[in-house]
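Welcome, and please take a moment to turn the model around before reading on. The paragraphs below walk through it step by step.

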Amino acid sequence: MASKLLRAVVLGPPGSGKGTVCERIARSFGLQHLSSGQFLRESLGGGGEAGALAQQYLERGLLVPDHVITRLMVAELEKRREQHWLLDGFPRTLGQAEALDGICQLDLVISLNIPFETLKDRLSARWVHPASGRVYNMDFNPPHTQGVDDLTGEPLVQREDDRPEAVAARLRKYKDAAKPVMELYKSRGILHSFSGTETNKIWPYVYTLLSSRIPPVLPEEEH
Ligand SMILES: Nc1nc2c(ncn2[C@@H]2O[C@H](COP(=O)(O)OP(=O)(O)O)[C@@H](O)[C@H]2O)c(=O)[nH]1
Ligand SMILES: Nc1ccn([C@@H]2O[C@H](COP(=O)(O)OP(=O)(O)O)[C@@H](O)[C@H]2O)c(=O)n1
């Protein structure tokens, strides 16, 4: 099997399971994934005027301007040039996709198609550990102790942008921005779409697809 470095992207609306699927891929294939949303949240923590401005976009569920997220991501990816790339949530717009084209040729784009009602239910039940980005769901993968991160024992919080008022706007905006990105990757023959309401049912297909590009370190069921 080719040992070429993987250049892959996972796309999908908020709540579609990008983070969950990337986490499983990372564990099963022994690589690190880069979540643009988590990376943004961490990068903004430092304060400053630019950080405070970008924070307002996140809280309101709006996309941060292309040049801001692109600069952050491209700088980080350059540092990881010798590693596999598995990107979660980037690129989200055509401008971001064009910027990514400038630094790599993507092998694979995974798109998660999840019904709107399912997304709304999942986001309202999502709890996160802000420091690590670990994600829980009160129905799907609850923490061992309610309201507390399994590894650190620190409190879990609900993201501001997971509030119902923000969710509807985020889902609408996602669609508008993502359409041309999907079309671009479809026209290149690298788009692989998976539809359903359960990550556990989608996962075996994603695992099989990835296995054709990179050797797994864990069997499918041990994600
Ligand atoms: N009920 C249910 N929740 C899921 C499933 N897959 C993921 N989740 C949860 O749905 C929420 C959104 O998933 P996440 O991976 O954070 O989505 P992202 O916003 O696309 O990164 C999280 O709370 C997950 O734990 C599933 O198959 N069923
Ligand atoms: N390429 C990106 C990725 C995230 N973001 C911002 O980060 C927020 C959270 O992104 P995320 O990927 O963690 O979460 P989901 O929206 O997928 O749940 C988005 O709502 C945007 O405000 C962005 O502006 N541009």
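How do the residues of the shell around ligand 2 divide into nonpolar, polar and charged? There are 9 nonpolar, 8 polar and 4 charged residues in that shell, where Ala, Val, Leu, Ile, Met, Phe, Trp, Tyr, Cys and Pro count as nonpolar, Asp, Glu, Lys and Arg as charged, and the others, Gly among them, as polar. We will come back to this ligand after a look at the whole chain.

A word on the ground rules. This is a predicted model, in which local features need pLDDT of at least 70 and side-chain atom pairs count only at pLDDT 80 or more, while totals for chains, interfaces and linings use all residues. Residues are numbered from 1 along each chain as its sequence is written, and chains are lettered from A and ligands numbered from 1 in the order in which they are written.

Let us begin with the overall form. The protein chain has 8 helices and 7 strands; helices (H or I, at least four residues) and strands (E, at least two) are DSSP runs, numbered from the N terminus. Its C-alpha atoms fill a box of roughly 45 × 40 × 30 Å, taken along the principal axes. The radius of gyration of the protein chain is 17 Å, which agrees with the value near 17 Å for a compact globule of 223 residues; this radius is taken over C-alpha atoms, and the globule rule is 2.2 Å times the number of residues to the power 0.38. Among contacts between residues at least 6 apart in sequence, 74% join residues at least 24 apart, a contact being two C-beta atoms, placed from the backbone, within 7 Å.

Now look inside. In soluble globular proteins, nonpolar side chains tend to be buried together. Here the largest nonpolar core has 36 residues, and those with the most contacts inside it are Val21, Ile25, Ile110 and Val206. Helix H8 (residues 199–211) gives the most to this core, with 5 residues. Such a core is a set of buried Ala, Val, Leu, Ile, Met, Phe, Trp, Tyr and Cys residues joined through C-beta atoms within 7 Å. Leaving aside residues up to four places away in sequence, Val206 touches Val21, Ile25, Ile110 and Phe194.

Next comes ligand 1. It is surrounded by 19 residues, the closest being Lys18, Gly19, Arg126, Asn137 and Phe140; a residue is near a molecule if its C-beta atom, placed from the backbone, lies within 6 Å of it. Helix H1 (18–29), strand E6 (134–137) and H8 are the elements that give two or more residues to this shell. By type, the shell around ligand 1 holds 4 nonpolar, 10 polar and 5 charged residues. An unreviewed UniProt entry lists a "binding site" that includes Ser16, Gly17 and Lys18; UniProt positions are given in the numbering used here, feature names are shortened, and annotations may be inferred rather than shown by experiment. Ser16 lies in the loop between strand E1 (7–11) and H1, and it counts as buried because it has 25 C-beta neighbours inside 10 Å. Gly17 is in the loop between E1 and H1 and counts as buried because of its 28 such neighbours inside 10 Å.

The unreviewed UniProt entry also annotates residues 126–161 as "domain: Adenylate kinase active site lid". The end C-alpha atoms of residues 126–161 lie 11 Å apart, and the span is 0% helix and 22% strand.

Finally, let us return to ligand 2. Around it are 21 residues, with Pro14, Gly37, Leu63, Val64 and Gly89 the closest. Helix H2 (36–44) and helix H3 (49–59) each supply at least two residues of this shell, and the largest share, 4 residues, comes from H2. Another "binding site" list in the unreviewed UniProt entry includes Ser36, Gly89 and Pro91. Ser36 sits in helix H2 and is buried, with 21 other C-beta atoms within 10 Å. Gly89 is in the loop between E3 and H5, and Gly89 touches Lys18, Ser35, Ser36 and Gly37, not counting residues up to four places away in sequence. Pro91 is found in the loop between strand E3 (85–88) and helix H5 (94–101). Most peptide bonds are trans, but the one from Phe90 to Pro91 is cis, with omega near 5°.

Notes
Buried ≥ 20, exposed ≤ 12 C-beta atoms within 10 Å, placed from the backbone.
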